[in-house]
Amino acid sequence: MIGDDQHLVLVGLMGSGKSTVARVVAERLGRPLVDSDAVIEERTGRTVREIFLADGEPAFRELETAALLDALADPRPSVIAAAGGAVLAECNRQALRSSTARVVWLCADPATLLERVRGASHRPLLDDDAEAGLRTMSERREPLYREVADAIVLVDGRSVSEVVEAVLR
Ligand code: S3P
């Protein structure tokens, strides 16, 4: 169970359902929801896509790190949906490991992810070949999600409410 003073952080690849599940879990727990992509868009007044295209991925990653570290440092226990690439930076993984937050990895097969990412505009990394992109990301990032996760929830073939219940457990 999650302590009253602990953040709950959802990590996982694009399309694993972090934002949707985090919204429902936040409602259930009566906690604020922090979605790192939304924080970045609010702070900059630009979309994730615009930032990637105009400033490049490294600039986006810096904003992502700031959003994650600020969310973890906030004393109000929240539900944090950390965007898929948030585990790439060692300093982010270190912060996730050393914080008292409980980190849940929503783990999905690339085939499941591919079905779910169609049409989402905030994912410029999947513009060229979404299938290949997801496979490569999955291979590269799986050890990183594993490194920070306190618990793993498999999402393949499960509904949002089934995943929510598993996360809450
Ligand atoms: C990214 C995931 C996206 C968004 C950006 C990059 C990634 O967020 O931050 O397109 O590198 O995995 P979601 O995981 O919320 O889709």
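**A loop and its surroundings**

Author: Happy to! Leu125 lies in the loop between α6 and α7, where helices (H or I, at least four residues) and strands (E, at least two) are DSSP runs, numbered from the N terminus. Before going on, please note that this is a predicted model, in which local features need pLDDT of at least 70 and side-chain atom pairs count only at pLDDT 80 or more, while totals for chains, interfaces and linings use all residues. Residues are numbered from 1 along each chain as its sequence is written, and side-chain values use heavy atoms, with hydrogens and water left out.

With 32% relative accessibility, Leu125 counts as partly exposed; with a 1.4 Å probe and protein chains only, buried means under 20% relative accessible area, exposed over 50%, and partly exposed in between. Apart from neighbours within four places in sequence, Leu125 is in contact with Met14, Phe52, Glu57, Arg61, Met137 and Arg141, contact meaning heavy atoms within 4.5 Å. Its C-alpha atom is 9.2 Å from that of Arg49, although Leu125 and Arg49 are 76 residues apart in sequence.

Rings of Phe, Tyr and Trp (its six-membered ring) pair if their centres lie within 6.5 Å; planes under 30 degrees apart count as stacked, over 60 as edge-to-face and the rest as tilted. Two aromatic pairs are counted by this rule. In the pair of Phe52 and Phe60, the ring centres are 4.8 Å apart and the planes stand at 40 degrees, so the pair is tilted. Both partners are hidden from solvent by the cut-off above: Phe52 is buried at 12% relative accessibility, and Phe60 is buried with a relative accessible area of 2%.

Helix α6 spans residues 110–117, and its buried residues are Pro110, Thr112, Leu113, Leu114 and Val117. These buried residues pack against α7. After α6 comes Gly119, with a positive phi near 85 degrees.

Gly15 is found in the loop between β1 and α1, and is buried with a relative accessible area of 9%. Its contacts, leaving aside neighbours within four places in sequence, are Leu113, Arg116, Val117 and Arg123. Gly15 and Ala120 are 105 residues apart in sequence, yet their C-alpha atoms are 9.2 Å apart in space.

Glu90, Arg93, Leu96 and Arg97 of α5 make the contact with Leu144, Glu147 and Val148 of α7. These residues divide into three nonpolar, no polar and four charged, with Ala, Val, Leu, Ile, Met, Phe, Trp, Tyr, Cys and Pro taken as nonpolar, Asp, Glu, Lys and Arg as charged, and the others, Gly among them, as polar.

Finally, let's step out to the nonpolar core. Such a core is a set of buried Ala, Val, Leu, Ile, Met, Phe, Trp, Tyr and Cys residues joined through side-chain atoms within 4.5 Å. The largest one has 53 residues, and those with the most contacts inside it are Val9, Val11, Val21, Val25, Leu72, Leu106 and Val167. Val25 is in helix α1 and counts as buried at 0% relative accessibility. Not counting residues up to four places away in sequence, Val25 touches Leu8, Val79, Val164, Val167 and Leu168. In helix α8 (residues 160–168), Val163, Val164, Ala166, Val167 and Leu168 are buried, and their cover includes β1, α1 (18–29), β4 (102–107) and β5 (151–154).
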